[in-house]
Amino acid sequence: MPLLQVEDLHVAYGAIRAIQGISFHIEAGEIVTLIGANGAGKSTTLRTVSGLLRPMQGDVLYQGRSITRTSPERIVKMGISQVPEGRLIFSSLTVLENLEMGAYTRKDKNEIRDTMKQVFTSFPRLEERRTQLGGTLSGGEQQMLAMGRGLMSRPRLLLLDEPSMGLAPILVDEIFEIIKTINAQGTSILLVEQNAAMALSVADRAYVLETGRTVLEGDAKELLHNPEVREAYLG
Amino acid sequence: MKVLILKNSLRTLVWAIYAALAFGLLWGIVALVRMNGPIFFIQAIIDGLRLGFMYALIALGYTMVYGIVRLINFAHGDVFMVGAFTSFYAITRYNWSFVPAILLAMLICTVLNVVIERVAYKPLRNAPRIASLITAIGVSFFLEYFTALSFVFGPDFITYRRPFPVEVWNVGGILITNITVIIVGITLALLLSLQYIIRRTKIGKAMRATALDKSAARLMGINVDGVISFTFALGAALAGAGGVLYAIAFPQILTFMGIMPGLKAFVAAVLGGIGSIPGAFVGSLLMGTTDVLVVSFMPMGSRLRDLIAFLILILVFLIKPTGIFGEPQAEKV
């Protein structure tokens, strides 16, 4: 049984159909990436998995159970956490408070403290800046904070929406190294990226989206060398 | 380049207006002190601050609710009125003492405001903002006129019997009553508890997070509907306490008594910067002080006080719509 299975998903914003038939699955332990141009429906897919949007048709199964009618709070509790596009750091909360918000669904204070220690091990810079306001961090630090915050709920599946957006190349490399480490520690990852080359190089498998549909899927390394994909997404 | 020059000259103009206002205010104060002597002036300031503390209890609810759902809850002044009436029944009919009466008023107001939010505002949360604004005005009228029915609170002024005798102390010519001390003490205690809740508790941090970004808050697993209810509850508890204190200070109650204090508190919240908690507090103190100074020193002041209050509102909107503590609205990219 896959960890997450998305079947023939259709989602609309009012009259605008953003997604019209997306299917993919993630096995436990994998990094799976969705690549595609702007407006292909990548972020909409993630918002639907997180429960912020309700599909018109199709299903999202998490560990075999449908979660399309489940509230976002419950979905976080069940083990799916999202690091949203644009990071959405709480700018006037401190780094520490941002991380606490990530652990909002958890009760045990000692366990939360342990998770925070782990996050600080992965992102030492966050520990240095723990009392600073989120809005005063640099872009790269904000991305680290967003990822740390996403990990605070101890997810089994982490959804990453455009983690490299707006970052300097050297920071992008650092972020992707961290993604690999998070995965190696046992968290499955669904990665949405415009930077297709980078995404394909860390992912196990990939799906190519075009105007709201899945058009291609396969082993990430193979897609990286697929002439069509190279032509369209890797320039 | 041209735009930059225009912006700079505009900024200079705004500062010139501030300077003129500050100078005028200073000059006015000096003239007043000379005319009536310092004692009379200090007395007015103290009475004004006392009124300002009561306004603050209402203004905080306006500003917190606005911060979270971007709605001006115009029924807030009427929740304040319900607080006053609740304590009236508890004290006069059932001989409760002061502390249980004020706690009961806070509780009833909390329940009322949470119900108002669930029934009237929640269904409109994704509707255009004007819809919920009009609804808020509707809820306000409903509360005023429904409670004015003879089988509810009745349409007449009712004399409020204070739960304790009034004591007056003469401090070097300035008269201070135990009512003033109680109002300031209770308000400060409530404000400190509010500050503690917002800064230190989990739900308070969730309130701040939700005010900043609702969908990010949802992604953290924060129950945003719950946080919104909690915000309405918190605001109502403060307004309920405010209603009781106001009735004790001005012991004539009426179901329409919440309108003016409600609107003044709204002006105070805008003056301080709507959405800002310290802003609501400072704005309220300024508003209360202005109110009493106008009544005490301006010819026909008691008729002009409301005019002046709304003149302040218009001036704030013209000169600095974000208020004293408000930050300029960040543009969303």
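Leu13(B) is found in helix α1 of chain B, which spans residues 2-36; helices (H or I, at least four residues) and strands (E, at least two) are DSSP runs, numbered from the N terminus. Together with Leu10(B), Ile17(B) and Leu21(B), Leu13(B) makes a nonpolar surface patch of about 360 Å², where patches are made of residues with over 30% relative accessible area and no salt bridge, like charges being joined within 9 Å and nonpolar side chains (Val, Leu, Ile, Met, Phe, Trp, Tyr) within 5 Å. Accessible areas come from the Shrake-Rupley method with a 1.4 Å probe, and for residues only the protein chains shown count as cover. The model is predicted, so that local features need pLDDT of at least 70 and side-chain atom pairs count only at pLDDT 80 or more, whereas totals for chains, interfaces and linings use all residues. Residues are numbered from 1 along each chain as its sequence is written, chains are lettered from A and ligands numbered from 1 in the order in which they are written, and side-chain values use heavy atoms, with hydrogens and water left out.

In helix α5 of chain B (residues 129-147), Val139(B) is buried at a relative accessible area of 13%, buried meaning under 20%, exposed over 50% and partly exposed in between (1.4 Å probe, protein chains only). Leaving aside neighbours within four places in sequence, Val139(B) is in contact (heavy atoms within 4.5 Å) with Ala75(B), Ile116(B), Ala120(B) and Tyr121(B). The C-alpha atoms of Val139(B) and Ala75(B) are separated by 5.9 Å, although these residues are 64 residues apart along the chain.

Over all chains, the structure holds 15 salt bridges, each defined as a side-chain nitrogen of Lys or Arg within 4 Å of a carboxyl oxygen of Asp or Glu. One of them joins Lys264(B) to Asp291(B), at 3.2 Å from N to O; because Lys264(B) lies in helix α10 (residues 259-272) and Asp291(B) in helix α11 (residues 277-297) of chain B, the pair ties together parts that are 27 residues apart in sequence. Both Lys264(B), at 1% relative accessibility, and Asp291(B), at 2%, count as buried. A salt bridge of 2.8 Å, N to O, is also formed between Lys264(B) and Asp306(B), the latter lying in helix α12 of chain B (residues 301-319), 42 residues apart from Lys264(B). Asp306(B) counts as partly exposed, at 25% relative accessibility.
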